[in-house]
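Subject: Structure handover

Hello,

The structure you asked for is below, with the sequence. My notes on it follow.

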Amino acid sequence: MQSARLVVFDTTLRDGEQAPGFSLDVDQKVALALQLEALGVDVIEAGFPIASEADAEAVRRVALALHSTTVAALARCAAGDIDRAAWSIAPARRGRIHTFIATSDLHLERKLHLSREDALAAAVAAVTRARSYTDDVEFSAEDATRSDRDFLCTVVEAVIRAGATTVNLPDTVGYSTPDDLGGFFLDVMTRVPNADRAIFSTHCHDDLGLAVANSLAAIGAGARQVECTINGIGERAGNASLEEVVMATRVRPDRWPAETGIRTQALYATSRMLSDMTGERVQANKAIVGRNAFAHEAGIHQDGMLKDRRCYEIMRPEDVGVPRSTLVLGRHSGRHAVARRCAQLGLALNRQDLDRVYRVMVQRAERQRQIHDDDLLDIAAVELGVAPTTRRETMPHEAGYGFGV
Ligand code: MN
C-alpha cells in the first residue's frame, strides 16, 4: 500500500486549553508551541482570538515565535471573528484561519436559531473573507456526524468552491463508533464532487473512549489531517490523544499507511511539559506516556522481558522518549529481576545471598506496594552486612520521572 502523508493538527492550546483545569498563560502557550514545533506537528491551533484579548495576544505571540510550523486561529463564521483571527496570525510565516459553524439541525435550531440556508450562506461568506487574508483556510462543520447528510454535503461542496483548503468533519460530542465514522468519511468524500480539492480532516472527542479509534477509522477511510491533543486533553472527556494516534500509525503501518512528521522521541517530554505546566497528571496506565506504560511487575513478565523485551513490548520506550522500561519490584517479582537490579546497584550476590535478599524483599513487599532501590540496599545491608561495591548509577526514576529498570 502506498503511504500517504498525514497532517498532524495539534489543538492542545485551543480545545485542550478550554477544558477545566488546563488554562495556560501566554508565556506557557509560547513555550508549549515551541515544544510542539520541535515535536514536528504540522499545524498548531493556538487559540480563539475573538474569545478574549488574552487569546488574541497568545495566538499572535505564538505566530511570532514559530519558525516553520503553521499557526491556526479559530473563528466563528462572522466577519469580526475572521478579522480578529487574521490580525492574530498576521506575523506568522504560515498562518491558517479555521472557521466553523454547526450544521446539525439540533445545533441550528436550538443553539443558533438559524435556518440551513442562512448557515450555508454564513459558511461561504466566512471562507471567502478568510481567503482574502490567507490561502490556507480550514472550514469545520460542527456536529458534522449528527448532521443531515445531504445538507452536510451541500455545505462541504460550497465551502470548497469558496476556497476552503481543509474540510474538518468533527464528531463534536463523541457519539460515533469507528464503523460509523469510517463509513461517514467514505460517503461524504465520495458524494462531494470537488472533494479532491481539499484535505479532509477528523476531529474526535472521547466521551465513549473512542476518540483515537474513531480518528484511525477516519484515516483509514481517507482523512489526511487528524486533530488531536497532547495527553488527549480537551473539552469534557477530551480529544483524540496525539501520542496514541501517531504511535498506532507507526507501530501498525500495515493498517494505517499514513506517515506523519512527528519525532516520536519527543513525545514523552512534551507530555511531561504539559502536565508540569497544568499540574494535571496523566493517569498511570495511559497508553504511551503513562507512568506504567512500559512498566512490568509480574514475575513471568519480568523474566520474559529480561530474556527478550519483545515478549511483552510492541514498541521500545526509547522510541517515545521514555528512558527505558521499568521493572517494578514488588511481591509479584521474581528472583531474576531482583538479581539484576542488585547487580545494577553494584551488589554482586551469590545464590545464597540472593535467596536471603529475595525472601526479605517479598516480606517487605507485603507491607509496602513497591520496593525502591533504597529498600533493596537497606535489605542487603541488614541481611548481608554489605554496601554497594561500586558507585550507584543515578536512575531516571530518581530524578522524579518514575523510570528505571
Ligand atoms: Mn472539539
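**Metal site**

Along the sequence, the residues that donate to the manganese ion follow the spacing D-x187-H-x1-H. Donors here are N, O and S atoms within 2.8 Å of the metal (3.2 Å for Na, K and Ca); water is not among the atoms, so sites may look incomplete. The coordinating residues are D15 through OD, H203 through NE2 and H205 through NE2, at 2.0 to 2.3 Å. H203 counts as buried because its relative accessibility is 6%, and H205 counts as buried at 4%. Buried means under 20% relative accessible area, exposed means over 50%, and partly exposed is in between (1.4 Å probe, protein chains only).

**Before you read on**

This is a predicted model: local features need pLDDT of at least 70, side-chain atom pairs count only at pLDDT 80 or more, and totals for chains, interfaces and linings use all residues. Residues are numbered from 1 along each chain as its sequence is written, and side-chain values use heavy atoms, with hydrogens and water left out.

**Overall**

The protein has 15 helices and 12 strands. These are DSSP runs numbered from the N terminus: helices are H or I with at least four residues, strands are E with at least two. Along the principal axes, the C-alpha atoms fill a box of roughly 85 × 40 × 40 Å.

Of the 405 residues in the protein, 54% are buried.

Contact means heavy atoms within 4.5 Å. Among contacts between residues at least 6 apart in sequence, 72% join residues at least 24 apart.

There are 47 positive and 56 negative side chains, and the centres of the two sets lie 5 Å apart. Lys and Arg count as positive and Asp and Glu as negative, while His and the chain ends are not counted. Each charge is placed at NZ of Lys, CZ of Arg, CG of Asp or CD of Glu.

S140 is in strand 6, residues 137-142, and is buried because its relative accessible area is 4%. Its side chain makes a polar contact of 2.9 Å with the side chain of N168. A polar contact is a pair of N or O atoms within 3.5 Å; within protein, one must be able to donate a hydrogen and the other to accept it, and residues adjacent in sequence count only if both atoms are side-chain atoms. Not counting residues up to four places away in sequence, S140 touches H98, T99, F100, I101, N168 and P170.

D143 lies in the loop between strand 6 and helix 7 (149-162). D143 counts as buried because its relative accessible area is 0%. Its phi is positive, near 60°, and D143 is not a glycine. Most residues other than glycine have a negative phi.

I288 also has a positive phi, about 70°, without being a glycine. I288 sits in the loop between helix 11 (267-278) and strand 11 (295-296), and at 6% relative accessibility it counts as buried.

**Helix 10**

Helix 10 (residues 242-251) is mostly covered, with 7 of its 10 residues buried. Those residues are L242, E243, V245, V246, M247, A248 and T249. Their cover includes strand 2 (7-10), helix 2 (26-39), helix 9 (211-221), strand 9 (225-228), strand 10 (258-259) and helix 11.

**Other positions**

- T70 lies in strand 4, residues 70-76, and is buried, with a relative accessible area of 7%. Leaving aside neighbours within four places in sequence, T70 is in contact with D42, V43, I44, R94, G95, R96 and D136.
- H301 lies in helix 12 and counts as partly exposed because its relative accessibility is 33%. Its C-alpha atom is 8.8 Å from that of S333, 32 residues away along the chain.
- E313 is in the loop between helix 12 (299-307) and strand 12 (326-327). E313 counts as buried at 9% relative accessibility, and its side chain makes a polar contact of 2.9 Å with the side chain of H296.

Regards
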